[in-house]
Amino acid sequence: MNSTPFQALACPLDGEPLHLAGSAWRCAAGHSFDVAKQGYVNLLPVQQKRSTDPGDSKPMVAARQRFLEAGYYQPIAQAVSKHLLSHAEVRSASSFGCLDAGCGEGYYLRELSRAALNSRPLSLVGLDISKWAVLAAAKQDDKKMPHCSWVVGSNAHLPVQTATLDSVLCMFGFPVHHEFARVLKPSGLLVQVEAGAGHLRELREVIYPTLKPDPTSERKVPEGFVQLQTESLSYQIALEGQDSIGDLLAMTPHLYRASQEGRARAAALDALTLTVDARLMIYERS
């Protein structure tokens with residue numbers, strides 16, 4: 001993959017452009033943010049935290065990394081990469097800037113970079129509020145040719161300069177559409193993926209006594225965007241062994257929502273066939 005460094009970071013304290021000077025990002029007011037030895041930068045000031053250690057925990061990140069690297073969500077990654085790379089081909093800029101807002105341990109950006117062998121240069125940045133997720137993502141980069149910039153930060157206050165991105169990716173995360181609209185260039189693309197009604201239904205049937213009815217209301221198009229396309233991705237996967245089932249449960253909010261009895265029922269399973277049901281929505285910045 002041809003790549004160019006992402007340069008359009010913004011100071012989380014005053015919104016001014018950040019410039020890389022040696023091993024730190026600095027703004028004109030003198031605020032400075034060191035680049036960690038693993039290659040990421042923490043742009044989440046204490047006043048933007050709701051807890052001392054926000055986001056996914058270290059065990060959750062490790063479970064998600066094992067599960068995703070096993071390829072269970074690769075069809076989703078391939079669909080996302082196809083849309084982003086098609087959009088990259090029609091953009092006029094010399095490089096294509098893409099932010100994964102809520103990147104976790106970086107799986108989807110890595111899959112995008114692998115799919116982009118013949119595309120124009122990509123300028124990739126992954127952001128997550130969990131320092132453990134960003135640390136895991138940064139550790140997987142090839143240090144001789146880094147594919148991505150990794151940032152600890154919040155979707156609610158993206159440390160990115162206004163109108164500098166060609167695309168934003170939000171995978172099963174917490175979209176903040178007014179911030180996505182702010183950082184996207186005109187006609188920039190938002191690719192948002194969320195769980196469909198049948199997603200992991202078989203696991204939910206094991207851990208919950210009853211399932212909530214599926215919502216039937218139509219989703220409104222976010223302000224500042226026009227909807228281009230909606231795509232449903234549905235297929236089945238087979239998990240073998242308690243470790244794989246445990247990793248799936250540990251990487252989802254169901255781990256904390258389920259009762260102790262429900263978690264025990266899942267832990268007792270040796271195999272589970274599951275439905276993956278994802279809804280992929282493509283929006284254009286108007």
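Which residues touch the most other members of the largest nonpolar core? In this predicted model, that core holds 56 residues, and those touching the most other members are Phe 67, Tyr 73, Ile 76, Tyr 108, Trp 150 and Leu 248. Helix 2, spanning residues 74–90, supplies the largest share of the core, with seven residues. In soluble globular proteins, nonpolar side chains tend to be buried together.

The surroundings of Tyr 73 were examined with its neighbours within four places in sequence left aside. Tyr 73 is in contact with Phe 67, Leu 68, Tyr 107, Tyr 108 and Phe 172, and also with His 199, Leu 200, Tyr 235, Leu 248, Met 251 and Val 276.

Ala 70 lies in the loop that runs between helix 1 (58–69) and helix 2. The relative accessibility of Ala 70 is 47%, so this residue counts as partly exposed. Between Ala 70 and Ser 244 the separation in sequence is 174 residues, while their C-alpha atoms are 9.3 Å apart in space.

The model also contains an open sheet of three strands, arranged in the order 1-2-3 with antiparallel pairing. Strand 1 (19–21) and strand 3 (32–34) form the edges, each pairing on one side only. On average, neighbouring strands of the sheet are turned by 30° against each other, direction ignored. Three bridges join strand 2 (residues 24–26) to strand 3 in the antiparallel sense.

Notes: Residues are numbered from 1 along each chain as its sequence is written. This is a predicted model: local features need pLDDT of at least 70, side-chain atom pairs count only at pLDDT 80 or more; totals for chains, interfaces and linings use all residues. Side-chain values use heavy atoms; hydrogens and water are left out. A nonpolar core is a set of buried Ala, Val, Leu, Ile, Met, Phe, Trp, Tyr and Cys residues joined through side-chain atoms within 4.5 Å. Buried means under 20% relative accessible area, exposed over 50%, partly exposed in between (1.4 Å probe, protein chains only). Helices (H or I, at least four residues) and strands (E, at least two) are DSSP runs, numbered from the N terminus. Contact means heavy atoms within 4.5 Å. Two strands pair if DSSP finds at least two bridges between them. Axes are lines fitted to C-alpha atoms, for helices over the stretch in contact, and angles run from 0 to 180 degrees between N-to-C directions.
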